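User: Hi! Could you walk me through this model?
Analyst: Happy to, here it is.
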Amino acid sequence: SRLSRNDSVSNYLKLKFHSNSVLLVIDNNIYDFDNLNDKLMYGIFSVFNEYENNLRYSKSVSGKISKLKINGWIGGKPNYGFQIVHGRLVPHENESTIIRQIFKWYGIEERSISYIQNELLRLNIQSPRGNTIWNSTSIRNILHNEVYIGKQDFEIRQLKGKSKKYC
């Protein structure tokens, strides 16, 4: 049973259990933090638990990076205009036509986002969420999203605010 993801949370919980005279019950085992052996076992389980969490995280990241290297989709709902076929991101027949039209209005015809919004409403084209009216932010996000020029970004968030970006 997992109580925490890392040592600091585990130690915080141990301190709270001990200071409030709480017995911890895991899988029919009772841990009394006034007992040295129970404290030791809790510590050992916490260390193994943190190791397993880090191992799972590492395998998850490795799998995602491997998929990205072969242009695979790493999960989540695909962007409007795309669908997942055999694990890869490919254009959705109907939605990709709408995306091309949005870019044509904005980039070639130099139309405003509110013009695009009104045209989509006039043409009775539903938004990505199935609404009759497109939110201007949704249109702006489509226009600024690099997935529509062939880039697929994946950012790994690590501890202490560090992250590594993969494309």
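Predicted model: local features only at pLDDT ≥ 70, side-chain atom pairs only at ≥ 80, totals over all residues.
Analyst: We can go through the salt bridges, the nonpolar cores and the pocket.

User: Great. How many salt bridges does a search of the whole structure find?
Analyst: The search gives 3, where a salt bridge is a side-chain nitrogen of Lys or Arg within 4 Å of a carboxyl oxygen of Asp or Glu.

User: Which residues are linked in a network?
Analyst: Salt bridges link Lys104, Glu109 and Arg111. Glu109 pairs with Lys104 at 4.0 Å between the closest N and O atoms, and Arg111 pairs with Glu109 at 3.7 Å.

User: And what about arginine 122?
Analyst: Its side chain meets that of Glu119 in a salt bridge, 2.8 Å from N to O. Both lie in helix H4, 3 residues apart, about one turn of the helix; helices here are DSSP runs (H or I, at least four residues) and strands are E runs of at least two, numbered from the N terminus.

User: Is glutamate 119 buried or exposed?
Analyst: Glu119 counts as buried, at 13% relative accessibility, while Arg122 is exposed at 57%. The cut-offs are under 20% relative accessible area for buried, over 50% for exposed and partly exposed in between (1.4 Å probe, protein chains only).

User: Switching topic: which residues touch the most other members in the largest nonpolar core?
Analyst: Of its 16 residues, they are Tyr80, Ile98, Ile102, Leu120, Trp134, Ile139 and Tyr148. A nonpolar core is a set of buried Ala, Val, Leu, Ile, Met, Phe, Trp, Tyr and Cys residues joined through side-chain atoms within 4.5 Å.

User: Which elements give two or more residues to this core?
Analyst: Helices H3 (93-108), H4 (113-122) and H5 do, and H3 gives the most, with 4 residues. Another core, of 6 residues, lies apart from it, with Phe17, Leu24, Ile26 and Tyr42 among them.

User: Last one: which residues lie nearest the centre of the largest pocket?
Analyst: Lys77, Tyr80, Pro128, Arg129 and Ser138, out of 18 lining residues. Helix H5 (residues 136-144) provides the largest share of the lining, 4 residues.

Note on methods: Residues numbered from 1 in each chain as written. Heavy atoms only, no water. 1 Å grid on protein atoms, 1.4 Å probe; cavity = no way out; pocket = protein on both sides within 12 Å on 5 of 7 lines; lining within 4 Å.
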